[in-house]
Each structure stands twice: as C-alpha cells, then as structure tokens.
Amino acid sequence: MCTYILIPFLALAACSSAPASYSSRMEGAPLNFAAQPAEIDAQAAALIELSERMVVQSTIKGAAMGAVVGCGLAVASAGNVSNCLAAATVAGVGGALAGHMAGKRQVTHRIETVSPSVIVRTLRKTNQQLALVQGSLPARLAAQDRSLATLDLKLATGSIDRETYLERKESIVSERRAIADALLATEANAVQTTANLQSAAARGQTGLAWHISAIKALEREVGSARSSISLL
C-alpha cells in the first residue's frame, strides 16, 4: 500500500516533444555488474522500486492531490470552507485549506495533475537500471544453464542422489523465476503508469504524448527481456 504525502500544489508546464535533458539510452549510467546472483537480484529489486515510483508519481496528484485541488475549486466557487474541510476529512485527505488557496488561484486556469519533469527523471533512472539487468541477464542465464547441465551429469553418473539433485535444481529455478517475476512486475508498473498518464490526458492535461510513448517503449523493452527467460 502506498502512503501519499500531499504537497503544496504547483502548476507545471510540459511540451509534447522529448525533454532536452532526456535520452532513452543510458546517460552516465553506473558501471555494469558481473552477473552474480546477489547482484542481479539487487538490480532487479531496484528496477521494481523505480517502476513503482513512476506509478506513484503518475497518480499522486491525480488521485490524492486532485481531491484537494478539486475541493479548493469548489470552495473558491461556493465560498464554503467548512464544507470543504468536512468533505476532505471524510475522504481521508488532508490539506483542504491548501486546496482552497490553490483553487482560488486556479479557477480560471487549466490544472495539471501530474509532473512530467519528475516522471522523466525517474524514467531515465528506470531505463538505466533496465540496461544493467539486460547486460547481466545473458551471462547469468548461461551460468544457470551450465549449472543445470553439471547437475544432470552428476545425477547420471551417480555423483549425487536424486534428492540433492532436485534441491539444487529448484534453487536455480527459483532464482530464475525471481528475475522473471521482477521483470513482470516492472512491466505491469509500466502499463499502469501509461494508464495513469492517459487518464491525466483525458482530464485535460496536455504535453504527455511523448511521456506515454516513452513508457510504452520501456514496457516493450522489459517484455523483451522477460521473454528471453525460460522457466525450465
């Protein structure tokens, strides 16, 4: 469950073209790791965390803050602060007074619901982390395949008993499954982020076309990496 922290409302501008500071390829990304189990697990965990951050960043203003600002607009129109405070309390949303002030300033202006620049920064980091996983994954999968082949040989020659064989094989399969699950979760988060941005666009926020396209590209890249993993 995500905990949403409301912040003072800021109207943010964006354009439909790619931000000048953003590149879909790695810019100053950290050096790739050797494909060791603990390291690729850390890479996969970081990838999930970053993709989850994008989901939050694409919903926090639309879901949580939007309620406050919407309340602010209602107050600005009706001049009824007490009703706004009560409604915000019932909805479990704090900061109604901040919404009131923001609403008074924004009655005649379009209100943006997500911050494109914040999402771009996280998207850049997510792409960098994905590149690390993509770089480590082939070597890790190859190492697992060699380990499995060695286990098969040992079982066939009687070097290990079947119980030991199954135990070691399950360890390798579990490790591979964890990597696949991390990529699947990241892919799902990219899908959700796209849906959130499309929802913001449907509510009237402009300048999100490029962001939606870039996150869909991330989704495809993650899906491609996941499809390279055989779950044995």
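Guide: Two residues are in contact, or touch, when they have heavy atoms within 4.5 Å of each other. Please keep in mind that this is a predicted model.

Visitor: Which residues does K154 touch, not counting residues up to four places away in sequence?
Guide: K154 lies in helix α5, and with a relative accessible area of 32% it counts as partly exposed. The C-alpha atoms of K154 and Y165 are 8.3 Å apart, although eleven residues separate the two along the chain. Leaving out residues up to four places away in sequence, the ones that K154 touches are S159, I160 and R168.

Visitor: How many helices does the secondary structure of the protein chain come to?
Guide: From the N terminus on, the elements run α-α-α-α-α-α-α. The chain has zero strands, and its helices come to seven.

Visitor: How far apart are the end C-alpha atoms of α5?
Guide: Helix α5 has 42 residues, and at 1.5 Å a residue it should therefore span 62 Å.

Visitor: Where does α5 bend by about 35°?
Guide: The bend in α5 is followed within four residues by a proline, P138. Just after the helix, G158 takes a positive phi of about 80°, but the bend of about 35° is at L137.

Visitor: Which residues have the most contacts inside the largest nonpolar core?
Guide: In soluble globular proteins, nonpolar side chains tend to be buried together. The largest nonpolar core of this model has 26 residues, and α1, α5, α6 and α7 each supply at least two of its residues. Those with the most contacts inside this core are L137, L183, L197, L218 and I229.

Visitor: Which residues does L197 touch, not counting residues up to four places away in sequence?
Guide: L197 is one of the residues with the most contacts inside the largest nonpolar core. When residues up to four places away in sequence are left out, L197 touches S58, V114, I119, L208, H211, I212 and I215.

Visitor: Is R176 buried or exposed?
Guide: R176 forms a salt bridge with D145, and their closest N and O atoms are 3.0 Å apart. D145 lies in helix α5 and R176 in helix α6, so the pair ties together parts that are 31 residues apart in sequence. D145 is partly exposed at 41% relative accessible area. A residue counts as buried under 20%, and because R176 has a relative accessibility of 3%, R176 is buried.

Visitor: What separates E49 and R53 in helix α1?
Guide: The side chains of E49 and R53 meet in a salt bridge of 2.8 Å, N to O. At 36% relative accessibility E49 counts as partly exposed, and R53 does so at 29%. Because they are four residues apart in helix α1, what separates E49 and R53 is about one helical turn.

Visitor: How many salt bridges does the structure hold?
Guide: Besides the pairs already named, the side chains of E170 and R177 meet in a salt bridge of 3.8 Å, N to O. E170 is partly exposed at 40% relative accessible area, and R177 counts as partly exposed at 34%. The number of salt bridges in the structure is five.

Visitor: Which residues does E219 touch, not counting residues up to four places away in sequence?
Guide: E219 has its place in helix α7, and at 24% relative accessibility it counts as partly exposed. Although E219 and T186 are 33 residues apart in sequence, their C-alpha atoms are 7.9 Å apart in space. Leaving out residues up to four places away in sequence, E219 touches E187, A190 and V191.

Visitor: Which residues in α7 are buried?
Guide: The 19 residues of α7 should span 27 Å at 1.5 Å a residue, and its end C-alpha atoms agree with this. Buried in α7 are W210, H211, I212, A214, I215, L218, V222, G223 and A225.

How values were computed: Residues numbered from 1 in each chain as written. Predicted model: local features only at pLDDT ≥ 70, side-chain atom pairs only at ≥ 80, totals over all residues. Heavy atoms only, no water. Buried < 20%, exposed > 50% of the residue type's maximum accessible area, 1.4 Å probe, protein only. Core = buried A, V, L, I, M, F, W, Y, C linked by side-chain atoms within 4.5 Å. Expected span 1.5 Å × (residues − 1). Bend = angle between axes of the 7 residues up to and from the residue. Salt bridge = Lys/Arg side-chain N within 4 Å of Asp/Glu carboxyl O.
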